[in-house]
Amino acid sequence: MDNLLEVINYLKGKKVRFADAREHLFRERKITTEDTRVEQITEQNVSGVGIKTLWENGWGYASTSKTDPGALRKTADKALALAKNADKTATANVELAEEPRHAAKFSTKIKEDPFEIGVGDAVNILLQAGETILKGKDVIKAGSYLVLRNMRKKYANTEGSVIETDVFTVLPQIEATARANGEVKSRHYWPAPMNAGYEYFRGLDFKSNAERIAAQAREHCFAKSCETGKTTLILDPEHLSLTMHESVGHPTELDRVLGYEESCAGRSFATTEKLNNFKYGSEIVNFIADNTLEGGLASCGYDDEGVECQKWHMIKNGILTGYGVNRELAHKLKMKRANGTTRAAKYCDVPITRIPNLYLAPGAKPLSVEELIADTEDGIYIEGRGSFSIDQMRLNMQFGGDAFWEIKNGKIAGMLKDVVYNAISYEFWRSCDAIADERAFNRAGFITCGKGDPMQLAQMTHGASPARFRNIMVRRAK
């Protein structure tokens, strides 16, 4: 931290309006297995320092893999030179939202450091799951994937904030593929990725879930095709994680809304004149942004602008009420403070606005999944994530899934295959007429959310209880 403080004082002496320095260690281990053999084990350790400066109304950013004082001063000079050049073409005043000065430390609550456990332990667990899967009838392939991460950061800025964070992430999954009846189909078990220690991975029930997905992969081969037309959908939390990510998470990033960011499926229909008056969903639809969520993938204590992570409504009683906002754009909404959603993937990346931990609040009335299905005369229950497509304004969307179940007379009547549904994003959420209560709430999430140019991959948690949607167009995927 001393070297960061020294370079911050150096930039203060240069009379910058604002500057920060972020030292970032990114460590990641990936294990991939196929059947009963290890396919790949990779490790990466990436570390360095990124320095951001504001000169008048111009920003500059530069980074270095070195951390000695001389290298940091050279990098600071480069960032300052870029800021001065940027100021020459600036067309608007930069206004930074206020943020209290923080002297803080944050760390994920863990019992076991994943990187202190021999890689063989995880390999054995994954290969045992593969053995179980391969015992399934007509199963031709088993696979698994495990990602372990540690992200350590030190942060200092010219406003006096000094912050240290230490975040651990665990993401596992297993897969079964069956061949029967002239079809090849797969089924996955995706436990919720968590900011947690290795003990989370140890505690997962791979055996019974391996048996389940092996049987369901085979069942999928004998499933009948869905009929084209409008129907009722009940969507499980894992499936909803992708739907909400694309149709609510990205459209409420303020930089997309204002047109400052257009890469990776573009901008947003949820423009600022709609704030606090646009009907984004039905009255029971409440989306909570919560970067304070324990174990949440975006829960890092403080973001890469030194802003404390927060919790707020993105959609309340169906009405659009918030965005993910950085310090520079907060004044556009007359917000006094940003909300802690600005993150960079690695030290060499410029921090940008990212989707927070975002979840659909459970229904307020007692309602189990079984009761929700029993209350649905005809429809389709979709589990897991599949294909997706969405347009440049986040309006026209199409989603598939991992498993599909026909509902007849309030009961599960067997599997379907090749189901996709189409909708306009806000019309889809307006069609939500029932959400199971908190007993059925589950998490899901992503560690590979792409945004920016050059692209950065970020992580965030989503969650929901199973929810019902009426009159949704369903088609057979081809």
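Visitor: Leaving aside its neighbours within four places in sequence, which residues is Gly301 in contact with?
Guide: This is a predicted model, in which local features need pLDDT of at least 70 and side-chain atom pairs count only at pLDDT 80 or more, while totals for chains, interfaces and linings use all residues. Residues are numbered from 1 along each chain as its sequence is written, and side-chain values use heavy atoms, without hydrogens or water. With contact taken as heavy atoms within 4.5 Å, and with neighbours within four places in sequence set aside, the partners of Gly301 are Phe106, Val307, Glu308 and Cys309.

Visitor: Is Gly301 buried or exposed?
Guide: Gly301 sits in the loop that runs between strand S10 (287–290) and strand S11 (311–316), where helices (at least four residues) and strands (at least two) are DSSP runs numbered from the N terminus. Its C-alpha atom is 7.7 Å from that of Ser107, although the two residues are 194 residues apart along the chain. Relative accessible area under 20% is buried, over 50% exposed and in between partly exposed, so Gly301, with 12% relative accessibility, counts as buried.

Visitor: Why is strand S24 described as largely enclosed by the rest of the structure?
Guide: Strand S24 spans residues 456–464, a stretch of 9 residues.

Visitor: In S24, which residue is the bridge partner of Cys449?
Guide: Strand S23 (residues 442–451) pairs with S24 in the antiparallel sense over 8 bridges, pairing being counted when DSSP finds at least two bridges. S23 and S24 also form a hairpin with 4 residues between them, and in the turn Gly452 has a positive phi of about 95°. Within S24, the bridge partner of Cys449 is Ala458.

Visitor: Which residue of S24 is the bridge partner of Leu358?
Guide: Strand S15 (residues 358–360) pairs with S24 in the parallel sense, over 2 bridges. In S24, the residue that is the bridge partner of Leu358 is His462.

Visitor: At roughly what angle do the axes of helix H3 and helix H5 cross?
Guide: The axes of H3 (residues 119–134) and H5 (residues 206–221) come within 8 Å. H3 contributes Ile125, Ala129, Thr132 and Ile133 to the contact, and H5 contributes Phe206, Lys207, Ala210, Glu211, Ile213 and Ala214. With angles running from 0 to 180 degrees between N-to-C directions, and with axes fitted to C-alpha atoms over the stretch in contact, the crossing of H3 and H5 is at roughly 35°.

Visitor: Within what distance do the axes of helix H1 and helix H2 come?
Guide: H1 (residues 2–13) and H2 (residues 69–88) have axes that cross at roughly 40°. Their contact is made by Asn3, Leu4, Glu6, Val7, Tyr10 and Leu11 of H1 with Pro69, Leu72, Arg73, Ala76 and Asp77 of H2. The axes of H1 and H2 come within 10 Å.

Notes. Buried < 20%, exposed > 50% of the residue type's maximum accessible area, 1.4 Å probe, protein only.
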